[in-house]
Amino acid sequence: MDELLKRIMTAIEKSGRQYDTAVIEEAYMLAKEAHKGQKRESGDEYITHPAEAALILIELGMDEETITAALLHDVVEDTAVTLEELKRKFGQSVADLVDGVTKLTKLNFTTKEEQQAENIRKMLLAMAKDIRVIIIKLADRLHNMRTMSAKSEAKRREKALETMEVYAPLAHRLGIYTIKEELEDAAIEYLDPIAYEEINLRLASEKEDRNEFLQLIKDKLYNRIKPEYPDVYIEGRVKSIYGIYRKVYMNGRAFEEIYDIYAVRIIVDSVNECYNILGIIHDMLTPIPNRFKDYISTPKQNMYQSLHTTVIDKGQMPFEVQIRTWDMHHTAEYGIAAHWKYKEGITGPTDRLDERLSWIRQLLEVQKESDDVQDIVRSIKSDLSPEEVFVFTPKGDVKSLPLGATVIDFAYAIHTAVGNKMVGAKADGKMVPINHQLKTGMIVEIITSNVQGRGPSRDWLNIVKTSEARNKIRSWFKKEKREENVLEGRTEIEKEFKRNNMEFTAEEYEQFIDEIARRQKYLTTEDFYAAIGYGGVSLTKIMPRIKDEYQRSYRTEETPFIEKAVQKSKRERKASGGVIVEGLEECLVKFAHCCNPLPGDEIIGFVTRGYGVSIHKKDCENAVRGIEDENQKGRWVSAEWETSAKETYKSTIEILALDRGGLLADVSVALANLRIPIHSLNARELKDGHAAIEITFGVTGVEQLKIVISNFQRISGVVSVERKTR
Ligand code: MN
């Protein structure tokens with residue numbers, strides 16, 4: 001038996017899965033014979049390529065037909081073997097898979113847009129027919145990327161671009177992270193070799209420190225978690241090169257300030273354990289604010305689930321912690337391929353394969369409806385690759401920018417001075433407007449002018465996509481144009497007040513604006529104006545607060561809750577069943593955010609203008625005030641809960657407690673004991689040794705909520721438990 005075949009057989013044995021090895025050996029021998037005499041550009045025998053592709057797929061856990069087809073994937077295209085022969089020897093499915101891969105191989109995704117649309121459509125059709133075709137194609141591409149050094153420079157760049165644009169996003173959409181990361185790392189090596197080398201060197205030079213650091217963290221975590229959860233598994237790793245690349249080169253962060261070069265994974269058996277362990281982690285290490293993400297309650301589109309948090313130990317590097325169950329882990333690593341790899345182990349009522357692939361059908365639908373070819377390509381590409389575009393300078397340097405970025409972003413990505421002096425731009429040799437959006441493969445030339453006093457325009461702030469460009473434009477204005485900024489800021493604020501029907505006497509205005517500026521932590525009102533002027537403060541962001549303030553100080557008739565009630569509420573969908581409103585059948589019912597009523601609460605309805613009825617608690621401040629208001633007469637109607645309602649309702653509780661070890665764990669255990677699902681959980685440390693925990697969960701009604709609250713109150717160290725009504 002030759003060396004390659006032996007490796008395949010060993011891999012199969014190690015996989016622990018059942019394959020008919022005779023069939024696989026037959027496929028291997030046929031391919032070897034057929035490719036005899038053919039060489040790879042690297043000089044290797046051609047058979048190494050299909051064999052390596054098959055090995056990747058065995059590791060991925062794919063089935064026998066897929067492995068067989070992978071071994072044969074190039075014979076129809078490159079040798080005398082026919083599809084009929086394959087069908088006779090290996091059956092219809094294997095022949096179809098080989099046929100699918102052969103057709104895909106002929107598609108080129110770096111050609112003109114019209115043709116690309118057609119090619120992408122063909123690929124989607126093949127995927128819709130049998131998704132295994134694209135999984136073989138991914139393995140094929142991965143091996144080609146691993147062995148690309150023998151190819152010409154131009155060919156390498158073309159393949160790398162296609163990989164970055166089409167294949168890595170596909171792997172991402174299919175959730176196959178292992179392949180996605182390797183494809184991206186390999187592609188960026190050719191697309192931006194200098195940056196790749198820089199990151200690589202950096203990582204290599206710190207390798208020992210890094211391993212030591214990761215080992216230290218792992219030990220520490222094991223020591224603390226293992227006594228309570230003996231089956232816990234912890235692994236530490238460094239993020240992929242491309243992951244670091246995106247942070248350093250695309251988001252403009254310094255190497256030193258990337259929090260999540262390090263990631264620690266904690267894998268346990270159940271969802272409850274995930275939340276409990278999160279509590280333990282936040283207890284032993286300091287969480288970095290705003291870095292907690294709950295992908296368990298809201299999975300990513302490709303089904304990825306985990307809890308993410310970033311923490312820091314005294315005097316150490318911050319690092320990211322990912323907490324997940326084994327099921328979630330398999331999905332994260334193998335994505336769609338987990339369907340084959342863990343087929344026997346998959347529990348649950350339905351096989352989710354179909355559901356997972358529905359986006360392919362949706363894309364095909366979109367394509368059917370639109371007839372603007374360029375539009376189609378763009379929509380499909382942006383759907384596949386939601387994140388970025390690669391654009392070249394006239395000298396051939398490549399810059400990667402987020403999708404939707406414009407030529408202004410590009411100018412600032414080259415250099416601050418280039419952005420500040422920009423007067424126009426050419427894309428692929430033609431003049432384009434400055435809001436022109438970048439597309440992958442474009443060659444962009446920035447035209448600058450050295451005339452004194454020229455600079456960026458304020459409108460650019462609304463055009464640019466990257467925060468890098470926005471910050472640079474802002475700092476130019478901040479430095480150059482103080483007086484203008486003050487004037488601009490004042491005009492903008494006055495305009496905005498008028499638009500919102502906020503009326504003042506001159507005296508009132510000065511007093512009001514001084515107060516706002518002080519609250520925004522500006523020393524003088526002028527500073528505040530200036531900040532708005534150069535864009536340092538976003539007026540749209542702070543307007544809602546200012547409006548609230550105004551309502552409170554100057555007006556009482558129209559309460560802002562009406563607006564709040566019509567804001568899209570996640571509960572909209574579920575709610576309409578649970579409430580009966582007097583005199584109105586089948587009306588749209590919403591729950592007011594000001595008081596978040598639950599079944600069991602006494603309620604009352606308010607007929608909004610055009611948005612159905614919003615339900616308040618009877619003792620809600622807004623309701624009490626509103627009922628007495630002459631202007632709202634007749635719009636308040638009685639409402640009651642339908643007694644048969646069995647739905648669960650989201651409720652949010654804030655717990656204030658003495659900060660101590662295991663606090664979060666106790667809180668999540670209290671809910672777990674009642675079998676209550678947690679929707680989200682957020683904890684923050686207060687300066688005085690207390691901690692505030694905000695937790696959202698589903699309850700059937702007030703009765704159950706009361707039980708939860710009393711259980712929380714019994715937890716040691718808890719000072720107060722409050723139901724949050726917004
Ligand atoms: Mn191939």
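Which residues does glutamate 52 touch, not counting residues up to four places away in sequence?

Mentor: Happy to walk through this with you, and keep in mind that the model is predicted. Leaving aside residues up to four places away in sequence, glutamate 52 touches Leu4, Arg7 and His143. Glutamate 52 itself sits in helix H3, which covers residues 48-60. Is glutamate 52 buried or exposed? Its relative accessibility is 17%, and because buried means under 20%, glutamate 52 counts as buried.

Now let us follow the helix. The axis of H3 and that of helix H1 (residues 3-15) come within 10 Å of each other and cross at roughly 5°. Angles under 35 degrees count as roughly parallel, and H1 and H3 are therefore roughly parallel to each other. On the H1 side, the contact is made by Leu4, Arg7, Ile8, Ala11, Ile12 and Ser15. H3 brings Thr48, Ala51, Glu52, Leu55 and Ile58, so you meet glutamate 52 again here. By class, this contact of H1 with H3 has seven nonpolar, two polar and two charged residues.

Finally, have a look at the metal site. The manganese ion is coordinated by NE2 of His49, NE2 of His73, and OD atoms of Asp74 and Asp140, at 2.1 to 2.6 Å. Along the sequence, these donor residues follow the spacing H-x23-H-D-x65-D. Two of the donors, histidine 73 and aspartate 74, are both buried.

Conventions
Residues are numbered from 1 along each chain as its sequence is written. This is a predicted model: local features need pLDDT of at least 70, side-chain atom pairs count only at pLDDT 80 or more; totals for chains, interfaces and linings use all residues. Side-chain values use heavy atoms; hydrogens and water are left out. Helices (H or I, at least four residues) and strands (E, at least two) are DSSP runs, numbered from the N terminus. Buried means under 20% relative accessible area, exposed over 50%, partly exposed in between (1.4 Å probe, protein chains only). Contact means heavy atoms within 4.5 Å. Donors are N, O and S atoms within 2.8 Å of the metal (3.2 Å for Na, K and Ca); water is not among the atoms, so sites may look incomplete. Axes are lines fitted to C-alpha atoms, for helices over the stretch in contact, and angles run from 0 to 180 degrees between N-to-C directions. Angles under 35 degrees count as roughly parallel, over 145 as roughly antiparallel, 65 to 115 as roughly perpendicular and the rest as oblique. Ala, Val, Leu, Ile, Met, Phe, Trp, Tyr, Cys and Pro count as nonpolar, Asp, Glu, Lys and Arg as charged, and the others, Gly among them, as polar.
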